[in-house]
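These are my notebook entries on a structure that I looked up. The sequence and the model are shown first.

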Amino acid sequence: MKLFSTGKWYLAALLNVIFPSVCPVCKKRIFSVQEALCRECFTNINLTLAPFCRYCGKSKGFHDRRCDFCRPEQYSFDRALSVCNYTGTLRKCLHMLKYKRKVRLATELGSLMTRFIQAHLNIREMDIITAVPLHKKRRLERGFNQAEFFARKTSEFSTTPFDFKSLIRVKNTRSQFELTKVERFENMREAFGCKHSQVFTGKSVLLIDDIFTTGATANACAEALKQAGASKVTVVTMAR
Ligand SMILES: [Zn+2]
Ligand SMILES: [Zn+2]
């Protein structure tokens with residue numbers, strides 16, 4: 001097994017010499033076979049900083065009460081947290097992942113998420129991991145749901161099982177881009193449902209998504225999960 005993985009590493013290193021990989025963000029050459037981004041771009045990822053709001057995860061929030069951002073809201077999820085701020089490098093990465101399947105980049109971001117979860121949440125309290133689903137049509141167009149990919153990575157390190165079949169998108173919602181906060185919540189209303197509700201009954205669910213903006217998407221998913229009997233829904237997004 002060890003021999004095999006060493007062999008694989010040499011092959012990857014050799015391929016990297018013949019076909020040098022470039023950083024997808026700045027196009028500079030990458031010398032390490034394990035990295036998807038160059039050092040500079042990776043360190044430019046703007047991580048969120050604790051303390052986080054106990055409810056929506058906003059940085060510099062209060063640990064015990066709602067921050068100004070989420071105070072007016074009644075979310076269906078119990079708690080949300082985000083790994084990075086949606087700026088610069090990370091913004092470009094998520095955009096690239098959305099339209100081009102870049103598995104190495106997704107893996108690197110996925111491990112960033114798993115490290116964040118290890119540091120800030122007790123994964124052993126979660127019974128099942130799921131991801132915000134794409135509508136069937138969009139899933140076919142893109143062929144890749146990055147939220148699901150991140151959720152898979154989280155499941156791998158934690159051994160908490162995942163399920164990506166039971167929470168489904170029943171409404172092909174229009175893009176949230178340029179919608180106001182109220183319109184986003186309206187757009188997402190009843191957009192999700194649970195096909196096999198027993199999967200979530202009485203369970204503490206970890207819901208993964210790529211971006212948290214107003215919380216409308218996470219909220220709509222959490223609503224469907226709670227209707228299916230989930231006892232708790234914790235949301236983790238890559239960015240906000
Ligand atoms: Zn770079
Ligand atoms: Zn908050």
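Predicted model: local features only at pLDDT ≥ 70, side-chain atom pairs only at ≥ 80, totals over all residues.

I looked up the angles between the four donor atoms around the zinc ion (ligand 1): they run from 104 to 116 degrees, so the arrangement is tetrahedral (four donors with all angles between 85 and 135 degrees). For four tetrahedral donors the ideal angle is 109.5 degrees. The zinc ion (ligand 1) is coordinated at 2.3 Å by the SG atoms of Cys23, Cys26, Cys38 and Cys41; donors are N, O and S atoms within 2.8 Å of the metal, or 3.2 Å for Na, K and Ca, and water is not among the atoms, so sites may look incomplete. Along the chain, the donors have the spacing C-x2-C-x11-C-x2-C.

Residues are numbered from 1 along each chain, chains are lettered from A and ligands numbered from 1 as written, and side-chain values use heavy atoms, without hydrogens and water.

Cys23 is buried, at 0% relative accessibility, whereas Cys26, at 31%, is partly exposed (buried is under 20% relative accessible area, exposed over 50%, partly exposed in between, with a 1.4 Å probe and protein chains only).

Leaving aside residues up to four places away in sequence, Phe164 touches several residues, among them Ile129, Thr130 and Glu148 (contact means heavy atoms within 4.5 Å). The C-alpha atoms of Phe164 and Val132 are 8.6 Å apart, and the two residues are 32 residues apart along the chain.

Definitions and conventions
Tetrahedral: all angles 85-135°; square planar, octahedral: opposite > 155°, others 65-115°.
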